[in-house]
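Please look through the sequence and the structure shown here before reading on.

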Amino acid sequence: MMDVTGGFEFERRQEALSRAYYEMQFTEGLPVIKTGKNLSGTAQKRALSRRRRITGTQTMLFDDKTMQSLTRKRPPLKRKYVSMINANDIGKHRLVMGFVQKVELIDNVAKVTLLESDREIDIIFEESFIAESKNQSYLNKFAVIQHLADHHLEIAFTAIGEVRFNRNNDRFEQVILFGTDFRIEDMDLLVFAAKMELNE
């Protein structure tokens, strides 16, 4: 299976997960990144001129159709806190942010319940997750999340997957396809599990 979730490539998803974690830690939003000293008016013009020359050269390397496909603005991956998930998100891929409330181990995976502002969502790992060959190393590693949840107050959890509504229990849930599509404290589960083993 190609490593694309909801039309978003691996690199975009990884960057989005890190940014979401950063946002959870600094809720006022992402800082403006400054690139050193302020440029003088002349230096700014030189930089703009150089940028235009590069863009012009680049355009000549591709035909118009290829260039349009390369420069087309891609839709953003929407990130939402648990409390912001609503009926409009059902059937869509979202980056969900919350804190681990509880972990229920189910065979070699788990159901992870996230809490944020008194709202909950269940993170689900279905048979498709288990069957995916890229996820084999993630199986039987979920106990470390349960262990940490039992001993810590807040564990930041970010995940990308399809939002659904479970009519059996009247709860929102998010289905994860790849092991790389969720993070605990901004760590991949494999890294997280290895770190936990070193600390024991």
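Two strands are said to pair if DSSP finds at least two bridges between them, and the helices and strands themselves are DSSP runs (H or I over at least four residues for helices, E over at least two for strands), numbered from the N terminus. The model is a predicted one, in which local features need pLDDT of at least 70 and side-chain atom pairs count only at pLDDT 80 or more, whereas totals for chains, interfaces and linings use all residues. Residues are numbered from 1 along each chain as its sequence is written, and side-chain values use heavy atoms, with hydrogens and water left out.

The protein chain holds six helices and nine strands. Of its 200 residues, 37% count as buried, where buried means under 20% relative accessible area, exposed means over 50%, and partly exposed lies in between (1.4 Å probe, protein chains only). The chain exposes about 12800 Å², of which carbon and sulfur atoms supply 51%; such areas come from the Shrake-Rupley method with a 1.4 Å probe, and for residues only the protein chains shown count as cover. If contact is taken to mean heavy atoms within 4.5 Å, then among the contacts between residues at least 6 apart in sequence, 64% join residues at least 24 apart.

The strands can be followed from one partner to the next. Strand β3 (residues 79-81) runs parallel to β4, to which three bridges join it, and Y81 stands opposite M97 in β4. β4 also pairs with β7 in the antiparallel sense over seven bridges, with V96 having A159 in β7 as its bridge partner. The pairing of β4 with β5 is likewise antiparallel, over seven bridges, and here V103 stands opposite V112 in β5. β4 and β5 form a hairpin with two residues between them, and D107 in the turn has a positive phi of about 55°.

A hairpin is also formed by β5 and β6, with two residues between them and with S117 in the turn at a positive phi of about 50°. Strand β5 (residues 109-116) and strand β6 (residues 119-124) run antiparallel and are joined by five bridges, and the bridge partner of T113 in β6 is D122. From β6 the pairing continues to strand β8 (residues 171-175), which runs parallel to β6 and is joined to it by three bridges; the partner of I124 in β8 is V175.

Two residues show what surrounds particular places in this arrangement. K111 lies in strand β5 and, at 22% relative accessibility, counts as partly exposed. Leaving out residues up to four places away in sequence, K111 touches K102, V103, E104, I106, D122, I123 and I124. K111 and E173 are 62 residues apart in sequence, yet their C-alpha atoms are 9.7 Å apart in space. I176, by contrast, is found in the loop between β8 and β9, and its relative accessibility of 0% makes it count as buried. Beyond its neighbours within four places in sequence, I176 is in contact with residues including I123, I124, F129, A159, I160 and F182.

The buried residues of α1 include A16, L17, A20 and M24. In helix α5 (residues 143-151), the buried residues are V144, I145, L148 and A149. Seen down the axis of α5, these fall within an arc of 135°, so they line one face of the helix, the arc being that of the directions from the helix axis to the C-beta atoms. On the other side of α5, D150 and H151 are exposed.
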